[in-house]
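Hi,

Here is the structure I promised to pass on. Have a look at it first, and then read my notes below.

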Amino acid sequence: MADGPPAGVRLASWQTTTDLEQLGARCAELFLGNPFRWEPAARADSAELRAAGLPLFVHGSLLINPASASADVRDRSRTALVEYATAAAAIGARGLLVHGGYAEDGRIDLAPERWASVLSGLSLAVALVVENDVAPTSPTSTLAGIEALWPVLAPAGGALCVDLCHLHGTGAGPEPFVRALQRAGVRIGLVEISDAVDPFASGRHRHVGLGDGSMDVAAALGAATLAQAPVICETPAVSQRADIATVDAALRRGQR
Amino acid sequence: VTFLFWTGPGFDFAGWLAVASAARWSPTGATLYVDEVTGGSAWLDAASRAAGVSVIPFLPDAWLSRAEALRYRGAIHPAHRSDIARFGVLRRAGGLYLDTDTITCAPLGVLPPSFVVRDERIVHLGVLALSDGHPLIDEFFERLMHVDPSVLDNYSSLVHLWTGVVDDRSDPVVALPASGFFPVPWPRWEELFDPASELELDGVVSLHHYGAFSRRLTGGMDHAWPADHPCPFSAAARRAQVGV
């Protein structure tokens with residue numbers, strides 16, 4: 001049986017590489033400290049994470065907002081991107097994951113320009129992976145917004161993370177969305193999968209284990225398979241083991 | 001000024017106990033703000049008649065900017081509405097905020113005028129005191145208004161945001177230990193209702209009993225319940241000295 005892209009979990013602060021092994025995770029996403037602080041904090045198990053040799057993705061501070069209308073927030077976001085990417089590289093991470101941002105003034109048409117000002121002249125220590133969001137005031141909540149942003153992200157070595165729960169919240173079909181990204185030449189670097197508490201097109205994104213919510217899980221798995229990228233189960237600890245097995249099986253089927 | 005906040009239906013005996021006990025032990029009585037979507041209840045009526053208690057409507061547009069009020073109204077978790085409301089009140093009026101799942105059982109007047117309560121992981125939002133215009137409040141709103149609003153779909157997001165605010169600022173604020181307010185961490189909330197618990201309440205100023213979980217018990221309680229059910233919750237209710 002051919003191996004597909006790896007499936008893994010978002011590693012909580014209290015989980016370890018031993019947990020990853022026991023869960024059958026072959027990749028992981030993690031925060032470095034409190035996600036509502038500007039600066040990253042080193043994890044106590046940094047050496048073990050690096051030694052594990054798994055594809056790791058660090059989720060940057062949730063305060064990072066390159067689409068902000070505030071020049072101060074954009075400046076702080078730029079500094080935080082550098083610091084987080086450096087910290088991510090220190091544990092051998094493959095990428096730094098950040099949200100597409102939020103335009104407080106509703107001017108998502110200005111997002112590419114604002115993102116460009118933040119990324120201008122930056123050389124990040126790991127690849128930047130930008131996540132699709134659910135809020136209408138985020139430039140990555142629609143395909144059009146992502147396509148507009150891509151010319152800014154691509155030269156910086158960026159990729160997109162497809163969060164299927166966010167996508168469900170925006171009311172986009174997962175497989176058509178992934179196909180459209182691929183047609184537009186948008187590189188997909190990561191997929192996040194979970195089920196959703198809230199209904200399709202609710203504008204919400206509360207994550208639950210696969211099969212425990214309102215999402216069309218088969219369609220989500222189909223999209224994850226199409227994306228040909230590592231898949232992170234962004235689900236509660238209690239369902240991670242089963243979710244990894246489900247995703248792994250789908251990814252392997254997709255390789256046949 | 002000591003104040004509490006309530007939104008939504010289901011104000012129960014424990015809510016009354018929180019308000020009445022705060023008023024009993026606060027030198028200035030207690031104010032309960034209730035928001036525009038609050039449903040009435042017999043216990044809310046009882047709270048409004050308790051000694052030293054004022055129950056007044058919380059009008060978001062009076063305390064929050066237009067954009068902040070939108071965040072408030074858009075919050076999917078009632079707890080987040082409460083979080084935003086308390087900072088709106090603190091910003092203008094200052095004071096001591098207590099959750100409605102607390103039982104105050106010692107004098108509040110001896111507490112510092114500004115303080116936070118923290119443990120190893122978080123700075124709690126359930127009890128805090130800040131002077132009006134405190135810079136931590138401005139930083140809270142600054143961060144709240146610049147993050148993607150959808151991150152608030154995560155129930156624990158605001159307590160982590162608040163923890164980040166306190167940890168990142170150099171402004172001096174007294175940090176009191178959690179033992180005086182949260183002597184039992186939330187995963188062990190049932191211990192507060194366990195007759196076999198040996199938890200000592202000496203040193204506890206206000207006992208937090210995690211209403212998101214304890215409501216399943218407090219929802220059916222009345223004044224007689226503590227007398228018939230020995231446990232830390234009942235012991236705290238008796239210490240509150242509000243006729244329980």
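Predicted model: local features only at pLDDT ≥ 70, side-chain atom pairs only at ≥ 80, totals over all residues.

The largest cavity has a volume of about 60 Å³. Both chains contribute to its lining: from chain A there are L62(A), L63(A), I64(A), N65(A), H99(A), G101(A) and Y102(A), and from chain B come H146(B), V147(B), D148(B) and V151(B). Sorted by class, those lining residues are six nonpolar, four polar and one charged.

Then the pockets. The second largest pocket comes out at about 360 Å³. Its lining has 16 residues, and R204(A), R71(B), G74(B), P149(B) and S150(B) are the ones nearest the pocket's centre. Helix α4 (residues 66-74) of chain B gives the most to that lining, four residues. Here the classes split into nine nonpolar, four polar and three charged.

Now for the fold of chain A. Eight strands form a closed barrel with parallel pairing, in the order β1-β2-β3-β4-β5-β6-β7-β10. From one strand to the next, the twist averages 30°.

If you want one strand pair to zoom in on, β6 (residues 159-163) and β7 (residues 188-193) of chain A run parallel and are joined by four bridges. L160(A) has I188(A) as its bridge partner in β7(A). Helix α7 (residues 174-183) of chain A packs on the sheet, where it touches β6 and β7 of chain A, and its direction makes about 175° with that of β6(A). Helix α9 (residues 237-255) of chain A also packs on the sheet, touching β1, β7 and β10 of chain A, at about 150° to the direction of β1(A).

Cheers

Note on methods
Residues numbered from 1 in each chain as written. Chains lettered and ligands numbered in written order. Heavy atoms only, no water. 1 Å grid on protein atoms, 1.4 Å probe; cavity = no way out; pocket = protein on both sides within 12 Å on 5 of 7 lines; lining within 4 Å. Points joined across faces, edges and corners; volume = space filled by probe spheres on them. Nonpolar A, V, L, I, M, F, W, Y, C, P; charged D, E, K, R; others polar. Helix = DSSP H or I, 4+ residues; strand = E, 2+ residues; numbered from the N terminus. Pairing = 2+ DSSP bridges. Axes fitted to C-alpha atoms, helices over the stretch in contact; angles between N-to-C directions. Contact = heavy atoms within 4.5 Å.
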